[in-house]
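My notes follow in the order in which I checked things.

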Amino acid sequence: MSFFADAMRVRWSTRVALVLFLSACSLRAQTKPSTWAPTADQVNSVYPAVEALYLDLHRNPELSFHEQQTAAKLAERLKALGYEVTSNVGGTGVVAVLRNGNGPTVLYRTDMDALPVEEKTGLPYASRVVSKNDAGVAVPVMHACGHDIHMASWVGTAKLMADNRQQWHGTLVMMGQPAEEVVGGAAAMLKDGLFTRFPKPNFAVAIHDESVLPAGQVGYTSGYAMAASDAVEITIFGRGGHGAQPQNTVDPIVIGARTVLALQTIVSRENNPLDPAVVTVGSFQGGTKSNIIPDEVKLQLTVRSYKPEVRKHLLASIERIAKGEALAAGAPREPEVKITPGANATYNDPELTKRLVAALRDTLGASNVVEIPPKMVSEDFSEIGLAGVPATMFFVGAVEPEKFAEAQKSGAVLPGLHSSLWAPDYEPTLKTAIRAEIAMLVELLQK
Ligand SMILES: [Zn+2]
Ligand SMILES: [Zn+2]
């Protein structure tokens, strides 16, 4: 009897515990709002137009700040979808706003420009465009950085967001930015009222295609993701003369050579090894002939860093070393050191990144959202963050998955961005980009 009663008590208490557990689970499920994601059918339904636009943009690339036809194609499509579209913002920039009730404002950015690269992919839709650059020189033009992928998916996303506006609320600002490759377009749009003539966003998001990830995957980097970039030109003055009579000259080639070597000690000896920094002398020009010592030489450098204090230190050291080497050689004049500031470092807001990584994992599957290391290349999407808006950029894999797996095994280096052979596996890349973009936007604009 007592045994039976005990067994009954156990069974009852187990049942009560189970009921409590299940109701706690359903309560938890109710507190997490379910966010909308487009079905595969919905993505497939917009895809033919997205692909046609991609191929058209790829065949007809335009150089930085000359994206007139490109911008018109984006503006026309978003106007047809019911967005309020403004063209010629900061040059050829496009701003398309979709107001959908109360809620946050979120900016989604694509860049629009192509590069002076001759396409060598041999693809049937390869670019054969030749345009004049700003110096009036005819150059081949190619979407070698994949900004055509960004634009085509941007339009697909704009359509699905407009067609499914019952699934989200707030204001969506779609930004078509010129001149990313010369890191001038974002600043030009901000100067032309991006945050004053149009709703100022609470958050900003962008994607870039990625050559170190297979199509279907999305990469993220929290915190510093891309570097600040500055150009430095150093003119070293000597005293020229006959190559056979060096005693009557001050040889700027030798001062230049010493300067190049001394500059290598900035990163290796002066900089904290835990702070990324690059000083590259990409051009060394001087002299015309073997038996003439020239009057001057010119060095051109690119300087990359993340932290503002590191950036300041690198630039100051370059100037100090250039002047010091000239002084040591008895140069008749101090060198001229001209610094042209470029992009600021891109900082991906860690909190925003974490929130969007969770949303992307829900949509794409946890194994398809991977952390990737920061890079020393640059991006002017950084300007949006520096203007006070939490911002983050994600990276959409664009390499054919089989080719990617083979390269991983063999160690082969596949063509990367800015290569004349860069050829994204466009269908899965575009579809993943659209799904990722919508997942992020709906997370930030959820009901
Ligand atoms: Zn690029
Ligand atoms: Zn790019």
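I took as donors the N, O and S atoms within 2.8 Å of the metal (3.2 Å for Na, K and Ca), and since water is not among the atoms, sites may look incomplete. This is a predicted model, in which local features need pLDDT of at least 70 and side-chain atom pairs count only at pLDDT 80 or more, while totals for chains, interfaces and linings use all residues. Residues are numbered from 1 along each chain as its sequence is written, chains are lettered from A and ligands numbered from 1 in the order in which they are written, and side-chain values use heavy atoms, with hydrogens and water left out.

His-418 is partly exposed, at a relative accessible area of 40% (buried means under 20%, exposed over 50%, partly exposed in between, with a 1.4 Å probe and protein chains only).

**Zinc ion (ligand 2).** I listed Cys-145 (SG), His-147 (NE2) and His-208 (NE2) as its protein donors, lying 2.1 to 2.4 Å away. His-147 lies in helix α4 (residues 147–163) and His-208 in strand β7 (residues 203–214), so this pair ties together parts that are 61 residues apart in sequence; helices (H or I, at least four residues) and strands (E, at least two) are DSSP runs, numbered from the N terminus. His-147 is buried at 0% relative accessibility, and His-208 is buried at 7%. Cys-145 bridges this ion and the zinc ion (ligand 1), the two lying 3.1 Å apart.

**Sheet.** I then traced an open sheet of four strands, ordered β12-β14-β10-β15 with antiparallel pairing, where two strands pair if DSSP finds at least two bridges between them. Strands β10 (residues 228–237) and β14 (residues 296–305) pair over 10 bridges, and Gln-300 in β14 is the bridge partner of Glu-233.

**Confidence.** The protein chain averages a pLDDT of 94, and 92% of the residues score at least 70; pLDDT is the predictor's confidence in each residue, from 0 to 100. Over residues 22–31 the pLDDT stays under 50. Where pLDDT is low, the predicted coordinates should not be read in detail.

Note on methods:
Contact means heavy atoms within 4.5 Å.
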